[in-house]
Amino acid sequence: MNRIQRALISVTDKTGVVEFARNLSGLGVEILSTGGTAKAIREAGVKVVEVAEFTGSPEMLDGRVKTLHPRIHAGILFRRDLEAHIAQMARHHLPPIDLVCVNLYAFEAAVARKDITFEEAIENIDIGGPALLRSSAKNHAFVTVAVDPADYPKIIAEMSANDNCTTYETRLVLAKKVFRLTSVYDQAISRYLEAVTEKR
């Protein structure tokens, strides 16, 4: 099992996220976050490190580029059982990210609005979120991924009972949930674009 030392939290749906962050912090986990999520966590009195501070790169392009950075994805994707990966992480001074808590822009809710423009719909396509989720789910052997607020209490309970670790079985269940979600998300985008193409 791998101890969770650092978590990245960046959510659109903030249900339960402040309590989750508070519980993680209480277990000694460092919290990385972005934008409105970081603000909500900080205002609740929980220490948080802005992703821009962690990466050394500012948010750019009206928020389109926030977490798409090697310091983030290397921290998630490196294999903790490969000496070559461990050595590369050390050589480049890249710390691990052991838990990722992300949910996606509400694309389907946005395009359901009758007054939405095509340009607004495109801006509601999440890029960084799916990338973070897929990276974490791919590396579920070592990384815990939370996409559903209903899973927060179980993750905290397991960590509390297992020296800040989650079980492989739990990480696999959470990874499956991620790939189901990203598949449905991409299908929704595809359906919308196909419909728009037909109308033009």
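**Entry 1: terms and model**

Before looking up anything, I note that helices (H or I, at least four residues) and strands (E, at least two) are DSSP runs, numbered from the N terminus. The model is predicted, so I keep in mind that local features need pLDDT of at least 70 and side-chain atom pairs count only at pLDDT 80 or more, while totals for chains, interfaces and linings use all residues. Residues are numbered from 1 along each chain as its sequence is written, and side-chain values use heavy atoms, with hydrogens and water left out.

I looked up the order of the strands and found an open sheet of five, running 3-2-1-4-5 with parallel pairing, where two strands pair if DSSP finds at least two bridges between them. Strand 3 (49-50) and strand 5 (144-146) stand at the edges with a single partner strand each, so one side of each has no neighbour in the sheet.

Helix 2 (residues 35-43) touches strand 1, strand 2 (30-33) and strand 3, and its direction makes about 140° with that of strand 2. Helix 8 (residues 128-138) lies across strand 1, strand 4 and strand 5, at about 145° to strand 4.

**Entry 2: strand 1**

Strand 1 (residues 6-10) pairs with strand 4 (residues 99-102) over four parallel bridges, and strand 1 also pairs with strand 2 in the parallel sense over four bridges.

Buried means under 20% relative accessible area, exposed means over 50%, and partly exposed lies in between (1.4 Å probe, protein chains only). Five of the five residues of strand 1 are buried, so this strand is largely enclosed by the rest of the structure. Arg6, Leu8 and Ser10 point one way from strand 1, and Ala7 and Ile9 point the other way.

**Entry 3: the core**

Which residues touch the most other members of the largest nonpolar core? They are Leu24 and Leu99, in a core of 52 residues, where such a core is a set of buried Ala, Val, Leu, Ile, Met, Phe, Trp, Tyr and Cys residues joined through side-chain atoms within 4.5 Å. Helix 10 gives the largest share of this core, eight residues. Leaving aside neighbours within four places in sequence, the contacts of Leu24 include Ala7, Ile9 and Leu99.

**Entry 4: aromatic rings**

I found four aromatic pairs, counting rings of Phe, Tyr and Trp (its six-membered ring) with centres within 6.5 Å, and calling planes under 30 degrees apart stacked, over 60 edge-to-face and the rest tilted. Phe107 and Tyr192 have ring centres 5.8 Å apart and planes at 85°, so they are edge-to-face. Phe107 belongs to helix 6 (residues 107-111) and Tyr192 to helix 10 (residues 168-199), so this pair ties together parts 85 residues apart in sequence. Phe107 and Tyr192 are both buried.

The ring centres of Phe118 and Tyr192 are 6.4 Å apart and their planes are at 15°, so that pair is stacked. Phe118, at 25% relative accessibility, counts as partly exposed. Ring pairs join Phe107, Phe118, Tyr185 and Tyr192 into a cluster.

Key. Contact means heavy atoms within 4.5 Å. Axes are lines fitted to C-alpha atoms, for helices over the stretch in contact, and angles run from 0 to 180 degrees between N-to-C directions.
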